[in-house]
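Let's take a walk through a protein together, one piece at a time. Keep the picture in view as you read, and look for each part as it is named.

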Amino acid sequence: FQEHFGDPPSICVSCAGVTRDEFLLRLSEAAFDEVLRVNLKGTFLVTQAVARALVEAGAPGGSIIHVGSIVGKVGNLGQANYAASKAGVEGLTRTSAKELARWGQRGHSGTPPGLGDGPHGAVAPSVSPPHPVAGSG
């Protein structure tokens, strides 16, 4: 960052998020991995790069903000991968905030207002219920 901009960023907002909705029994490993790669690993990589720049520059007072989702806290039908990724973002935020506090950096996570009532509050229309397993009653 410093090589390109001269100073590290004082604030970073990470709001990466993709969905590949499907019920658990039909969720492919590729779809699971893609969502975690973008939502969780992408957030990790951005956080690590900004945190390193802030610490190396000795710049106290930086804020790293992660946009979470209510789905990461309560789950949602057809979104096992998304829920896992956003729960991971919450854990990443709490841990990185504790680790970076000694250098005067802050970590925050939040759920945008109203999303609990929006499209993440119900199963995506493209997802149909799974077929019952034979003998399941």
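**Salt bridges, helices and a buried serine**

Glu22 is partly exposed, with a relative accessible area of 22%. On this scale, buried means under 20% relative accessible area, exposed means over 50%, and partly exposed lies in between, using a 1.4 Å probe and protein chains only. Before we go further, note that this is a predicted model, in which local features need pLDDT of at least 70, side-chain atom pairs count only at pLDDT 80 or more, and totals for chains, interfaces and linings use all residues. Residues are numbered from 1 along each chain as its sequence is written, and side-chain values use heavy atoms, with hydrogens and water left out.

Which residue does Glu22 form a salt bridge with? The partner is Arg26, and the closest N and O atoms of the pair are 3.1 Å apart. A salt bridge here is a side-chain nitrogen of Lys or Arg within 4 Å of a carboxyl oxygen of Asp or Glu. Arg26 is also partly exposed, at 32% relative accessible area.

A search of the whole structure finds 4 salt bridges. Another one of them joins Arg20 to Glu34, with 3.0 Å between the closest N and O atoms. This pair links distant parts of the chain: Arg20 sits in the loop between strand E1 (11–14) and H2, while Glu34 belongs to helix H2, 14 residues apart. Arg20 is partly exposed, at 35% relative accessible area, and Glu34 is partly exposed too, at 24%.

Next, find Lys73, which forms a salt bridge with Glu90, their closest N and O atoms being 3.7 Å apart. Here too distant parts of the chain are linked, since Lys73 is in helix H3 and Glu90 in helix H4, 17 residues apart. Lys73 is exposed, with a relative accessible area of 51%, whereas Glu90 is among the buried residues of H4. Together, Lys73, Glu90 and Arg94 are linked in a network of salt bridges.

Now step back to the whole protein. It has 4 helices and 3 strands, and along the sequence they follow the pattern α-β-α-β-α-α-β. Helices (H or I, at least four residues) and strands (E, at least two) are DSSP runs, numbered from the N terminus. Of the 137 residues in the protein, buried ones make up 29%.

Helix H4 covers residues 80–100, 21 residues in total, and reaches 30 Å from its first C-alpha to its last. That is close to the 30 Å expected at 1.5 Å a residue, where the expected span is 1.5 Å times one less than the number of residues. What covers the buried residues of H4? Helix H2 (29–57), strand E2 (63–67), helix H3 (71–74) and strand E3 (106–110) are included in that cover.

How do H2 and H4 lie relative to each other? Their axes come within 8 Å and cross at roughly 15°. Axes are lines fitted to C-alpha atoms, for helices over the stretch in contact, and angles run from 0 to 180 degrees between N-to-C directions. That makes H2 roughly parallel to H4, a label for angles under 35 degrees.

Finally, look at Ser96 in helix H4. Is Ser96 buried or exposed? Ser96 is buried, with a relative accessible area of 12%. Leaving aside neighbours within four places in sequence, Ser96 is in contact (heavy atoms within 4.5 Å) with Thr47 and His66.

How values were computed:
Angles under 35 degrees count as roughly parallel, over 145 as roughly antiparallel, 65 to 115 as roughly perpendicular and the rest as oblique.
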